[in-house]
Amino acid sequence: MTSWQREGRLPRVVIIGGGFGGLYAARALKRAKIELTVIDRTNHHLFQPLLYQVATATLAPTDITAPIRWLLRKQRHTSVLLAEVERIDPDRRMVIVDVEPREVPYDYLIVAAGARHAYFAHPEWEATAPGLKSIVDATELRQRLLTACERAEETIDAAERATSLAFVLVGGGPTGTELAGMLPTIARHALPRDFRRIANETVRVVLLEGGPKVLPTYPDALAEHARLDLINLGVDVRTGALVTKVESGAVHVGDEVIRSRTIIWAAGNAASPIGRQLGAEVDRVGRVLVAPDLSVPAHPEIFVVGDMATLSSKGKPVPGVAPAAMQMGARAAKNIQRDLQQRERVDFVYRNKGDLATIGRDRAIARHQ
């Protein structure tokens, strides 16, 4: 007999994170006879793939966010808790948060806390080169972009103007390439309309990728197509360019110094540190090595999904993209329901429906599976 049966109550399921993995897990539990709690440190779900458009002032923050409570409002057995998770106690089956009551008990736990930027042992670079993972990040980047243009407009020093109109993006994955493609387009349309002194100035956009190609997860032909599109837009694309130092006003690539007031980091991710508290093996970026059914090997009542989990499906690593997180969240939820029905769990199988990367306003590459 289970603990909830002995106590005469419904099983308690807790989901940490209201992103794609957490939201789709919650939705998949819509009809389950449980008590569900969703914990998130913000009160909104974020459509993260469009963050770059908020950063470039193409979209407003409200265009890509929705309140978690509103999204789950029809699920009467679901409550949403705005809180920061301080730690997880797997032995006691407790999530410890920063609000009262401090302890949230669970019978099943789905951890979908996502990832943040990784600066490769240089956390001091973040202040100068912020990343793009949240609405706060996007609005901060937008402010930096607009401030750079204002600084260029007001200065009479040619070198300072050139530095202000130089934008450096570190990392040639989807975020870096999409931002790099948008900046020249915005400059061509916004600068002549909104500014007078710098209306005819040249905006410099530099994309630095440490590997041999941009969009490394795409086939070579599509990655090369994206590189040529960026070059045609006026982006200075550099592959095999390893950043050795970031400081205020400059990026160092080997012995070369690139002067810029706006440096954007899109080079790496590190999983939420709470994954290390689950009593499971983690990889070098903190992702939990989960079992095929997405559970933690030592704690089958805990599931880890999205950017926090690492596993293979059909012989290939599951990518850290939104569709994978959605599918993982739904599968974890369904495996909980199978447990409650005393049925055998089903292993996770990733179904890739295709990939898309937007390069500027009217260019894109796509791969259909």
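A residue is called buried here when its relative accessible area is under 20%, exposed when over 50%, and partly exposed in between, with a 1.4 Å probe and protein chains only. Helices (H or I, at least four residues) and strands (E, at least two) are DSSP runs numbered from the N terminus. The model is predicted, and local features need pLDDT of at least 70, side-chain atom pairs count only at pLDDT 80 or more, and totals for chains, interfaces and linings use all residues. Residues are numbered from 1 along each chain as its sequence is written, and side-chain values use heavy atoms, with hydrogens and water left out.

Helix α2 spans residues 20-28, and its buried residues are Phe-20, Gly-21, Gly-22, Leu-23, Ala-25 and Ala-26. These pack against the strands β1 (12-16), β2 (35-40), β3 (44-46) and β9 (108-111), and against α4 (68-71) and α9 (322-340); contact means heavy atoms within 4.5 Å.

Strands pair if DSSP finds at least two bridges between them. Three strands make an open sheet in the order β6-β7-β8, paired antiparallel. Because β6 (85-89) and β8 (103-105) stand at the edges with a single partner strand each, one side of each has no neighbour in the sheet. From one strand to the next the twist averages 25°, where axes are lines fitted to C-alpha atoms (for helices over the stretch in contact) and angles run from 0 to 180 degrees between N-to-C directions. Four bridges link β6 with β7 (residues 94-97), and Ile-88 has Val-95 of β7 as its bridge partner.

A hairpin is formed by β25 and β26, with five residues between the strands. In its turn, Gly-360 has a positive phi of about 80°. The two strands, β25 (residues 355-358) and β26 (residues 364-367), run antiparallel and are joined by four bridges. Ala-357 stands opposite Ile-365 of β26.

The second largest pocket holds about 490 Å³ of space. A pocket is an open set of points on a 1 Å grid over the protein atoms alone, where a 1.4 Å probe fits, with protein on both sides within 12 Å along at least five of seven lines; lining residues have an atom within 4 Å of a point. Grid points are joined across faces, edges and corners, and the volume is the space filled by probe spheres set on them. Of the 25 lining residues, Thr-56, Ala-57, Ile-186, Ala-187 and Ala-190 are closest to the centre. Helix α7 (174-194) gives the largest share of the lining, 10 residues.
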